[in-house]
Amino acid sequence: MATVTATPAATTADRGAHHASRSAAAGFLLALPPVVVIALFVGVPVVLALAFSVGFTGGLNSVVAAVGQNVHHADGAVPTFAAYGDVFTTPAFWQDLALTLGVTVASTAIVVVLAGGIGLALRLHGGWLARLLSAVAIVPLFIPVVIASWAILTFYSADGFLRSLFAQVGLEAPVWSYTAVAIVIGSAWTSLPFATLMIASGLQSVPDALIEAARDAGAGTARIVRTILLPMSAVPIVIAVTFTAIGVIGSYTVPYFTGPNAPTMLGVALASYFTAYNQPQQSLVMAFVVFLAAAGIGALYVWANFRSARREGRI
C-alpha cells in the first residue's frame with residue numbers, strides 16, 4: 001500500500017495556522033472581560049431605559065414605574081410615545097435644547113481657537129511665552145470642576161472681583177453669573193487642557209522638513225499653516241473637537257452652578273425631571289435626545305479614525 005508522507009512545508013503551514021488560531025483565541029479572551037463589563041453596566045441599562053421611555057414598565061422597570069409620576073404604559077407589545085409627546089410639546093424643552101446647542105458650539109469654538117493658537121505658537125516659534133501659555137492651559141486639569149465653577153460664579157457676580165475692580169476706576173462691568181456666558185466660560189476652562197494636548201501633539205508631529213521646504217519656496221506663515229500644518233493635523237483636531245463638544249453637551253456641574261434657572265442645559269433639566277419632578281420617563285426622553293446629539297458628534301470621531309487608518313494602510 002502507498003504511504004502518504006507530509007512534506008515539511010505542509011507541516012510548517014499547519015503549525016502556523018494552529019499558532020494563529022491560538023493567538024486569535026487568546027486575544028479574544030483578553031478582550032472579552034471589558035466587553036462583558038460594558039455590555040452589563042452600559043448596554044443593558046441603555047436597553048432598559050429605551051424600553052421604559054416607550055412604555056414597557058414591567059420587569060426591571062417596574063419599581064421606577066411604580067414610584068414615578070406621569071408614567072405612560074404600553075398597550076401590550078405596542079410601544080407608546082406619549083412621554084416623547086410630553087417633552088416635545090413643552091416650549092421649555094426647546095429653549096433648553098437651543099441653549100445646550102448654542103453653549104456647545106460656542107464653547108467648542110473657543111476651545112479649538114485657544115488650543116490651536118497655543119499649538120501653533122509652540123510649533124512655529126517656541127520660546128518662553130509659548131511654553132508658559134501651554135503650561136497655563138493645562139492648569140484646569142488639576143482643579144476640580146466644582147471649585148472652578150464656584151470661582152467663576154463669584155468672580156463674575158454682582159459683587160465679585162471683576163465689578164469691584166471696574167468700580168475703582170468708575171466703570172461698570174457686566175454681571176455674567178447665572179448666565180449662558182458663565183456656562184461658556186466654565187465649559188471652555190474645563191475642556192481646554194485636553195484640546196491643547198491633543199492639537200499641540202498633532203502639530204508637533206508634522207515633519208520639520210515640510211515646513212522648511214515651504215519656507216524655501218517662499219511660503220509665508222499663513223500659507224504654511226493653511227496648506228501644511230492644519231491638513232496634516234486634521235485628525236487630532238477633529239478628535240479634540242469631538243471630545244470637547246460631547247463633554248460640553250452632556251455636562252452638569254458647570255451649568256448647574258453657573259447657569260440660569262431657565263432656560264438651562266439639558267443635563268440639568270433632565271436631572272431636575274428625574275429628581276425634583278419625579279418624572280423618570282420624561283427625563284429619559286431628554287437623555288436620549290442628548291445621546292443622539294452626542295452620537296452625531298461622535299460620527300466625526302469615527303470618521304477621523306477611519307481616515308487615519310486608511311491613510312496608514314491599515315484598512
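Q: How many residues line the largest pocket, and which lie nearest its centre?

A: First, the basis: this is a predicted model, in which local features need pLDDT of at least 70 and side-chain atom pairs count only at pLDDT 80 or more, while totals for chains, interfaces and linings use all residues. Residues are numbered from 1 along each chain as its sequence is written, and side-chain values use heavy atoms, with hydrogens and water left out. A pocket is an open set of points on a 1 Å grid over the protein atoms alone, where a 1.4 Å probe fits, with protein on both sides within 12 Å along at least five of seven lines; lining residues have an atom within 4 Å of a point. Here 21 residues line the largest pocket, and Asn261, Thr264, Val268, Ala269 and Ser272 lie nearest its centre. The elements that contribute two or more residues to this lining are α4 (91-124), α12 (253-258) and α13 (266-275). Helices in this numbering are DSSP runs (H or I, at least four residues), counted from the N terminus; strands are E runs of at least two.

Q: What is the volume of the largest pocket, and how does its lining divide by class?

A: A volume is the space filled by probe spheres set on the grid points, which are joined across faces, edges and corners. For the largest pocket this comes to about 350 Å³. Ala, Val, Leu, Ile, Met, Phe, Trp, Tyr, Cys and Pro count as nonpolar, Asp, Glu, Lys and Arg as charged, and the others, Gly among them, as polar. On that scheme the lining holds 15 nonpolar, five polar and one charged residues. Helix α13 provides the largest share, five residues.

Q: Which residues lie nearest the centre of the second largest pocket?

A: They are Val145, Ser187, Thr190, Ser191 and Gly247, out of 16 lining residues. Two or more residues each come from α8 (180-204), α11 (234-249) and α12, with α8 giving the most, five residues. The volume of this second largest pocket is about 210 Å³, and its lining has nine nonpolar, seven polar and no charged residues.

Q: How many helices and strands does the chain have?

A: The chain has 14 helices and zero strands. To read its overall form, one takes the radius of gyration over C-alpha atoms and compares it with the globule rule, 2.2 Å times the number of residues to the power 0.38. The radius of gyration is 27 Å, well over the 20 Å that the rule gives for 315 residues, so the chain is more spread out than a compact globule. Along the principal axes, its C-alpha atoms fill a box of roughly 105 × 75 × 30 Å.

Q: What percentage of the residues count as buried?

A: Buried means under 20% relative accessible area, exposed over 50%, and partly exposed in between (1.4 Å probe, protein chains only). Of the 315 residues, 35% count as buried.

Q: How many salt bridges does the structure hold?

A: A salt bridge is a side-chain nitrogen of Lys or Arg within 4 Å of a carboxyl oxygen of Asp or Glu. The structure holds three. In one of them, aspartate 208 meets arginine 123, with the closest N and O atoms 2.5 Å apart. This pair links distant parts of the chain, 85 residues apart: aspartate 208 is in helix α9 (residues 208-216) and arginine 123 in helix α4. Arginine 123 counts as buried because its relative accessibility is 12%.

Glutamate 172 pairs with arginine 163 at 3.8 Å between the closest N and O atoms; glutamate 172 is exposed at 66%, whereas arginine 163 is partly exposed at 22%. Glutamate 212 and arginine 215 form a salt bridge with closest N and O atoms 3.6 Å apart. About one helical turn separates these two, because they are three residues apart in helix α9.

Q: What distance and angle describe the aromatic pair of tyrosine 256 and phenylalanine 257?

A: A pair of aromatic rings is described by the distance of the centres and the angle of the planes. Rings of Phe, Tyr and Trp (its six-membered ring) pair if their centres lie within 6.5 Å; planes under 30 degrees apart count as stacked, over 60 as edge-to-face and the rest as tilted. The structure holds 14 such pairs. Tyrosine 256 and phenylalanine 257 are edge-to-face, at 5.7 Å centre to centre and 90° between the planes. Elsewhere, ring pairs link Phe81, Tyr84, Phe88, Phe93 and Trp94 into a cluster.

Q: Where is a cis peptide bond found?

A: A cis peptide bond joins alanine 262 and proline 263, with omega about -10°. Proline 263 lies in the loop between α12 and α13.
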